[in-house]
Amino acid sequence: MNYCIYSTVFNNVSTLEESVKSVWRSDSIIVITDNYSTDGTWERFQGLKKDYNLILYRLKSTRGKGRDYSLKHCPENSITTYFDLDMRYNESFHKILEWAPRDKRTLVNLVNGFVVKRETILEKGSWRNLNRAEDWEIVSRVGFDYFIPALTHAELHNELARERRYAKGLKYYARRFKNKLDVIRGLGYNWSDMNIVYSKHSTPYKIFINAPSYILAKLMGIYRNYREYNNGVGTILSALDKIIDLKEIGVNDKYFLFGGYWGFFSAYNLDKIIDEKLPTKVGRVRKFICNDNGLRYVKTLEEFDIIKLASSLKDKLECNEFNP
């Protein structure tokens, strides 16, 4: 098999078949680690196992640890990429996979994912034991040679519904607090970053609410892989220098997407850098600020239908255009 497509899962019985079907290829194996789901996910996989060439494991784990376990069970020297079982993947996912160079040192970063040889990730320490921001952490630590600004998926659940599936009652709030710690750790926030993310609160309130979680995250270990920026901003700025025109890999411009969290870009004036450099790399783009605090650069208005499908806000996503 040329490719190993891997994942980890917990309580996704309603979406898993659609998701698996969207990534399945005859020249790949799919490795999935189930975190002891309680909704029939494991049982449903047994019925799909033969049709989609699934290799299944069970492990009590975070999302990062589950992905690590799946990756280690991919064949040696395979080209790997991960996927989420609450997402449906489109044609650009497969075209990027086929385009990715086979060089051992090459990592191809893309919107919500990356393609890389199995050994490259393992040599760099593989996935951290985090439940959120584990993808930003690993890409910023391992580094990458190419960035492909293509949207590859549509969300099958919204963010709140996802968390409600995982825990109930007090466990739900404990999980959300743990997720906040993981975001701070995985994205490598410093105190200035915390103030930007939670800027809607007054200063005394920010200190009262955020100081305990920030201190605890520091005690657990914050993974800041760039000196000047947190891992999200650093990765996006690095991507700007390594961006690939979608025409080179046969992906339609309607899938083009580049951007990030507006709070950081406005605070550091980083959008000005993007405004200047991005058109020289990929041609004319259109710049939008959206009501989920996302800064988005697109090439066609047709793309907004695809972006809405990929947003947890769905049809409630609203964006205003600015001149780059």
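Predicted model: local features only at pLDDT ≥ 70, side-chain atom pairs only at ≥ 80, totals over all residues.
**View A. Packing of helix α6 against helix α11.** Helix α6 spans residues 134–142 and helix α11 spans residues 231–241. Their axes lie 9 Å apart, and the two helices pack at an angle of about 55°. The pair α6 and α11 is therefore oblique. The crossing in which α6 passes α11 is left-handed. On the α6 side, the contact is made by W136, E137, V139 and S140, which meet N231, G232, T235 and I236 of α11. Sorted by class, this contact of α6 with α11 comprises three nonpolar, four polar and one charged residues.

**View B. Packing of helix α11 against helix α13.** Helix α13 covers residues 270–282, and its axis comes within 9 Å of that of α11. The two axes cross at roughly 25°. Angles under 35 degrees count as roughly parallel, and α11 and α13 are therefore described as roughly parallel to each other. The crossing of α11 and α13 is left-handed. From α11, the residues V233, L237, L240 and D241 take part, meeting L270, I273, I274, K277, L278 and K281 of α13. By class, the contact of α11 with α13 holds seven nonpolar and three charged residues, with no polar residue.

**View C. The second largest pocket and its lining.** Two or more lining residues come from each of the elements β1 (3–9), α7 (159–166) and α8 (169–187). Helix α8 gives the most to this lining, with four residues. Divided by class, the lining of the second largest pocket has six nonpolar, seven polar and nine charged residues.

**View D. The largest cavity and the residues around it.** A search of the whole structure finds one cavity of 30 Å³ or more. The volume of the largest cavity is about 30 Å³. The residues that line the largest cavity are T81, Y82, Y89, F93, L110, N112, G113, F114 and T152. Strands β4 (79–82) and β7 (113–117) each supply at least two residues of this lining. By class, the lining of the largest cavity consists of five nonpolar and four polar residues, with no charged residue.

Definitions and conventions
Residues numbered from 1 in each chain as written. Heavy atoms only, no water. Axes fitted to C-alpha atoms, helices over the stretch in contact; angles between N-to-C directions. Parallel < 35°, antiparallel > 145°, perpendicular 65-115°, else oblique. Left-handed = near helix turned anticlockwise from the far one by under 90°. Contact = heavy atoms within 4.5 Å. Nonpolar A, V, L, I, M, F, W, Y, C, P; charged D, E, K, R; others polar. 1 Å grid on protein atoms, 1.4 Å probe; cavity = no way out; pocket = protein on both sides within 12 Å on 5 of 7 lines; lining within 4 Å. Points joined across faces, edges and corners; volume = space filled by probe spheres on them.
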